[in-house]
Amino acid sequence: MKPRIKFRIDKDLILSILVGIVGSLVALGMFFLSGYMITQSALGAPLFALMILIVSVKMFGFLRAVARYIERLLSHRTTFTMLRDVRVQFFKKLLPVVPDVYRKFNSSDLIARMIGRVEALQNIYLRVYYPPVVIGLTAIITMITMFNFSYIHAVIICVSMIATLIVIPWLSAKRARILKRQVNEVQGRFLSRFYDYKEGYDELARFNQTEYYKKQVLEQLDAYENIQAKEQRFLSLYEYSLNIVAMISLFFTLYLGVIQVQNQQLDVVYLTSIVLMMLTLFEQAIPMSNVAYYKADTDEALADINEVIAHPTIQGHESMKMSTSSERPLMQLRDVDFKYWNQSTYVLSQIRLVINKGEHVAIVGPSGSGKSSLLQLMLGLYQSDKGEVLLNQQYITQIVNEDKYSYINALLQTQQLFDGTVRENLFSKQEDDVLREVLNQLGLAHIDLDRAITLSGQTLSGGEIQRLALARLLLKPAAFWLLDEPTTALDIHHTNIVMDLVHKHAETLVVATHDLRLLPNFDKIIVMQEGTILEEGSYQDLATKENGYLQQMIKINAS
C-alpha cells in the first residue's frame, strides 16, 4: 500500500460539530421567536407576554454567542492539531524518499508542496466538511420540527437544502477541480521560472539574458493572473446559483404561506416566524458558497502531498551484514538500468560491475556518460529501474542508512556547507589538534577553525570548499570510499596531495574523474560512454589496447 496522509477524527471535531448544531438551532429559535413577537405585538398581545418574548429572544442571542465562541475555539483547535499531524507525517514520509524524489520534482515544486499544499489543508475541516455536516443536520432537525406547523414549508426546506448542500456542490466540484489543477500548473510554471530568474540573475546578467528571462517571468505571471480570473468568475457563478436557490425558496415560503393562511391551513401568527427562520437557515448556509472552491483546493493539495510521499522508494530496514569472505565481491551491479523520471532515455543501461574488497577503481568517461549517476546508485541515493545493486550481498536500498553511511565515505560533485565555523562544518568530535593536522595535510593551514562560513560558502574559494569536504572524510573512519570528481577546482600540487591521502586512507576506493594523470595509481579502470561500460581492466591493459577508447583519450590528452 502506498504511503498516504491519514486524518484522525478527534473529540474536538465531534464536539465542535455538536456545538455548531446547537448554535444554529439556537439562532433559528431566536428568529422564530422574534417573528412570533412581531406578530403578537401587531395583534395587541399583553405587555407581560411581550416582555417574556423579549427576554427569551435576548437569552437565545446570548446562548448563540456563547455557542459560536465555543464552536470556533474547538474547530480551530482541531484544525491546528490536524495541521501539526499532517506536517509530522509528511516530514517522516519525505525523509526516506530524498534524494530519489528529485528525479521527479524540482526544488521549487517540492517546496511549494511542502509549504503551500500543506497550508491549504487547513480548510479541509472548517470550510469543506464542517459546513455541510452542521447545516445538513440542522436542516433535518428543522424539517422535523416544521412538520408540526406546515408540512409544505418542511418540503421547501428539504428541496432547497438538497440543492444547496448536494446538487449544486456536486455539479460544481468537477469543474472546480479542473480549474484548481490548471491554476496550480500555471502557478508551478511561474514559480519555477521566477526561481530560475532570481537564483541565476548574476549569470544571466553576464550573458545579457536578463530581459529575455524577465519577459518569460512576466508572461507566466500574466498567464497565472488570467487563470485566477477565470477561476474567480466560476466561483462567482457558483455563489450566484446558491443565492438563486435561496431567493426562490423564500419566495415560495411567503407565497405558499399566504395561501395556507387564506385557506386557514396555517395560523397567521406563525407566518412571520417561518419566513424569518428560513432567512436565518439560508444565512447559516452562507459558508456553502466556498465549499466547491475549498473542496477542489484541498483535494488537489492532498493529491500533491500524497504524490510526493508515495514516491516508490524501497525503505531501508535491514542491518548491514559484514562479509568475512575475501572471495565474495564487496559490491556488485547486475544488469542495472536507470533513468530520471523527466527523461525518456536511460542514463545507465545494462551496467555490470564488480568491486572487490581492497580494490582502488577509477571511472572515466566524457561528461554525461553516467559516472555521477552510477556512483549515486552505488551509494543508494537512487534506486535502479531494473537490475540489482548489492553491497556485501545485500540490496543497497534495503540497508539501514545509519549502517550504510558508517561503512561508506562519499563525496558528491556539489558540497553542502552550513552557517557556522570551520570546526562545526567538519562534523567531527575529535580534538582541535587532530582537526588542525588534517587541515594542514590538505593545504588549509591558513584557515582557522573558528573562521565563519556561510551557507553559500562565499568566504571560501572553490578549492578550499572541496578540500574542506575531503577533510570531513579523513576525519570519519570508513572502509569504502566513493568519490565523484574529488580534485575539482584543485591545482596539480593539491591534486597530488589529496589523492595520496585518499589512497592511503581508503581500503576500497571508487573514484569518478576526468584527470587521466591519476589513472596509473588505480588497480582497475572503468571506461563509460553514453551510460554503458565500454572498457574495463588495468591501466596498463587499456592504455595499450589497440584502438581502445582510453588509449585514444591518452593520446589526445598528450597532444
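Tutor: Please note that this is a predicted model. The protein chain is divided into domain 1, covering 11-309, and domain 2, covering 329-558.

Student: What separates the centres of domain 1 and domain 2?
Tutor: The centres, taken over C-alpha atoms, are separated by 55 Å.

Student: Let us turn to helix α13. Which of its residues are buried?
Tutor: Helix α13 spans residues 432-441, and its buried residues are Leu-435, Val-438 and Leu-439. They cover an arc of only 100° around the axis, so they are on the same side of α13.

Student: And what covers the buried residues of α13?
Tutor: The cover includes α12 (422-425) and α14 (462-474).

Student: New topic: where is Phe-62, and is it buried or exposed?
Tutor: Phe-62 is found in helix α2, residues 47-94. Its relative accessible area is 57%, and a residue counts as exposed when that value is over 50%, so Phe-62 is exposed.

Student: Which residues form the nonpolar patch on the surface?
Tutor: The patch consists of Met-59, Phe-62, Leu-63, Val-66, Tyr-69, Ile-70 and Leu-73, which together have about 690 Å² of accessible area.

Student: Why does Thr-487 count as buried?
Tutor: Thr-487 counts as buried because its relative accessibility is 10%, and the cut-off is under 20%. Leaving aside residues up to four places away in sequence, Thr-487 touches Gln-466, Thr-495, Met-499 and Leu-518.

Terms used: Residues are numbered from 1 along each chain as its sequence is written. This is a predicted model: local features need pLDDT of at least 70, side-chain atom pairs count only at pLDDT 80 or more; totals for chains, interfaces and linings use all residues. Side-chain values use heavy atoms; hydrogens and water are left out. Domain bounds come from an automatic or database domain assignment. Buried means under 20% relative accessible area, exposed over 50%, partly exposed in between (1.4 Å probe, protein chains only). Helices (H or I, at least four residues) and strands (E, at least two) are DSSP runs, numbered from the N terminus. The arc is that of the directions from the helix axis to the C-beta atoms. Contact means heavy atoms within 4.5 Å. Patches are made of residues with over 30% relative accessible area and no salt bridge: like charges are joined within 9 Å, nonpolar side chains (Val, Leu, Ile, Met, Phe, Trp, Tyr) within 5 Å. Accessible areas come from the Shrake-Rupley method with a 1.4 Å probe; for residues, only the protein chains shown count as cover. A salt bridge is a side-chain nitrogen of Lys or Arg within 4 Å of a carboxyl oxygen of Asp or Glu.
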